[in-house]
Amino acid sequence: MALLTIGAFARAARLSPKALRLYAELGLLRPAAVDPDNGYRFYDPAQLERARLVARLRRIGMPVARIRTVCDLPSDRAAAEVAAYWEQVRVDNARRAQLAAFLVDQLRGRGSVMSDTHVDLGLRHAARTDPGPVRTSNEDTAYAGSRLLAVADGTRGPGGDRASAAAVDVLRALESTAVPAGGLLNALGEAVDRADRAVGEIAREVSSGTPVTTLTAMLWTGGHLALAHIGDTRACLLRDGGFRQLTTDHSYVRALVDEGRLSPAEADSHPQRALLVRALDGTGRHHPELAVHPVRAGDRYLLCSDGLWSVLPPQVLRDAAGAADHPEQVVDQLVELACRAGAPDNIACVVADVMAL
Ligand code: MN
């Protein structure tokens with residue numbers, strides 16, 4: 001068959017002569033003949049198929065060296081090579097998308113990054129509290145900052161709102177304090193003591209009643225989340241499709257259930273289900289749960305007040321906690337679900353995702 005000039009070959013292959021010269025230089029597609037006198041290049045029509053393949057592989061961004069490999073393989077192995085390349089692109093892009101999302105959050109003040117291990121992990125988070133459709137006041141506090149996640153549920157009545165806000169505020173000091181890994185739980189325990197004293201001061205200022213608050217807080221170290229917990233606010237972990245409560249409810253009904261005197265179903269409808277056996281009351285007699293949880297990329301943590309967990313069936317809470325991609329969407333959906341369920345109490349929730357960077 002007659003050879004084609006570079007112009008005719010370029011038109012047939014839907015490539016520019018410039019692209020053909022580049023492919024020749026890169027060794028991807030060499031002319032079939034070059035006129036020794038004038039340097040004109042000629043192509044064999046049989047080369048059209050390869051020219052089109054090269055052009056298409058370039059369009060999916062495949063590096064030249066890899067295109068050369070693909071072109072020299074039999075078609076079944078070339079197919080596998082293209083599929084493997086694209087899977088790599090997909091994985092790289094997913095990772096870049098995650099990093100981009102994290103950076104957007106960090107620039108908006110909703111993300112943080114630290115490292116106490118060899119792995120770079122970041123946290124993206126959202127917090128929301130809502131009085132609910134029934135109550136006019138809100139004694140719940142929800143906070144998510146650069147290192148601290150916290151919810152607190154103050155008693156209804158004078159000073160309850162200030163007690164929950166003060167407890168979280170005291171713990172916020174830990175965000176800007178360097179805490180040695182070995183002293184993490186001591187530092188948290190001491191912060192809870194200070195939070196209790198702050199609640200005591202508020203109690204002395206209010207004219208009637210005794211403001212009390214729960215507190216469930218997690219402090220981010222980059223590889224761990226340290227937990228301090230007292231009362232019936234909860235911390236839960238969504239990991240590998242499983243959903244589990246990390247905290248114990250320090251409530252009267254929970255104690256009765258533990259003693260076998262009440263079934264979990266009876267506890268749910270018990271008139272004194274909101275009664276706490278432990279809380280921050282300013283007396284110094286609190287005994288918080290303190291723990292350190294190693295985190296994994298992909299973990300989602302949920303902190304919430306009883307205004308959320310007591311109105312949503314466990315399966316609904318679990319599904320909603322895992323449904324949306326971004327913590328902001330999750331907290332919005334959880335609050336909306338609780339409100340639709342009637343929400344006789346205030347609602348506080350915090351959601352935080354651990355991200356590989
Ligand atoms: Mn409550």
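Modeller: Ala-320 is found in helix H11, which covers residues 314-323. Keep in mind that this is a predicted model. Is Ala-320 buried or exposed? Ala-320 counts as buried because its relative accessible area is 8%, and the cut-off for buried is under 20%.

Another buried alanine is worth a stop. Ala-343 belongs to the loop that runs between helix H12 (327-340) and strand E14 (347-356). Its relative accessible area is 0%, so Ala-343 is buried. The backbone there is worth a look too: Ala-343 has a positive phi of about 30°, although it is not a glycine. Most residues other than glycine have a negative phi. Asp-240 also has a positive phi without being a glycine, at about 50°. Asp-240 lies in the loop between E10 and strand E11 (242-245). Where Ala-343 is buried, Asp-240 is exposed, because its relative accessibility is 71%.

Now for the inside. In soluble globular proteins, nonpolar side chains tend to be buried together. The largest nonpolar core here has 29 residues, and the ones that touch the most other members are Leu-148, Leu-171, Leu-174, Leu-215 and Leu-280. Which elements supply at least two residues each to this core? They are strand E7 (148-153), helix H6 (160-172), helix H7 (184-205), strand E8 (215-220) and strand E9 (224-230). H7 gives the most to the core, with nine residues.

On to the charges. Side chains of opposite charge can pair when their charged atoms come close. If you count a salt bridge whenever a side-chain nitrogen of Lys or Arg is within 4 Å of a carboxyl oxygen of Asp or Glu, the model has 19 salt bridges. Let me pick out a few.

Arg-239 is in strand E10 (residues 234-239), while its partner Asp-299 is in the loop between strand E12 (289-294) and strand E13 (300-304); the two are 60 residues apart, and the pair links distant parts of the chain. Their side chains meet in a salt bridge at 2.7 Å, N to O. Asp-299 is buried because its relative accessible area is 1%.

A second pair is Arg-128 with Asp-130, whose side chains meet in a salt bridge at 3.6 Å, N to O. Asp-130 falls under buried because its relative accessible area is 18%.

Arg-90 and Glu-87 both lie in helix H5 (residues 75-107), three residues apart, which is about one turn of the helix. Their side chains meet in a salt bridge at 2.8 Å, N to O. Arg-90 is partly exposed, with a relative accessible area of 45%, and Glu-87 is partly exposed too, at 37% relative accessibility.

Some charges go beyond pairs. Arg-124, Arg-300, Asp-325 and Asp-353 are linked in a network of salt bridges.

Leu-99, Leu-103 and Leu-107 make a nonpolar surface patch of about 310 Å². Of these, Leu-99 is placed in helix H5. Leu-99 counts as partly exposed because its relative accessible area is 34%.

Last, a charged part of the surface. Arg-14, Arg-52, Arg-56 and Arg-59 gather in a patch of positive charge. One of them, Arg-56, lies in helix H3 (residues 48-59). Arg-56 is exposed because its relative accessible area is 54%, with the cut-off for exposed at over 50%. Helix H3 also holds Arg-58. At a relative accessible area of 35%, Arg-58 is partly exposed. As one more distance to check on your screen, Arg-58 and Ala-24 are 34 residues apart in sequence and 14 Å apart in space, C-alpha to C-alpha.

Methods
Residues are numbered from 1 along each chain as its sequence is written. This is a predicted model: local features need pLDDT of at least 70, side-chain atom pairs count only at pLDDT 80 or more; totals for chains, interfaces and linings use all residues. Side-chain values use heavy atoms; hydrogens and water are left out. Patches are made of residues with over 30% relative accessible area and no salt bridge: like charges are joined within 9 Å, nonpolar side chains (Val, Leu, Ile, Met, Phe, Trp, Tyr) within 5 Å. Accessible areas come from the Shrake-Rupley method with a 1.4 Å probe; for residues, only the protein chains shown count as cover. Lys and Arg count as positive and Asp and Glu as negative; His and the chain ends are not counted. The place of a charge is taken as NZ of Lys, CZ of Arg, CG of Asp or CD of Glu. Helices (H or I, at least four residues) and strands (E, at least two) are DSSP runs, numbered from the N terminus. Buried means under 20% relative accessible area, exposed over 50%, partly exposed in between (1.4 Å probe, protein chains only). A nonpolar core is a set of buried Ala, Val, Leu, Ile, Met, Phe, Trp, Tyr and Cys residues joined through side-chain atoms within 4.5 Å.
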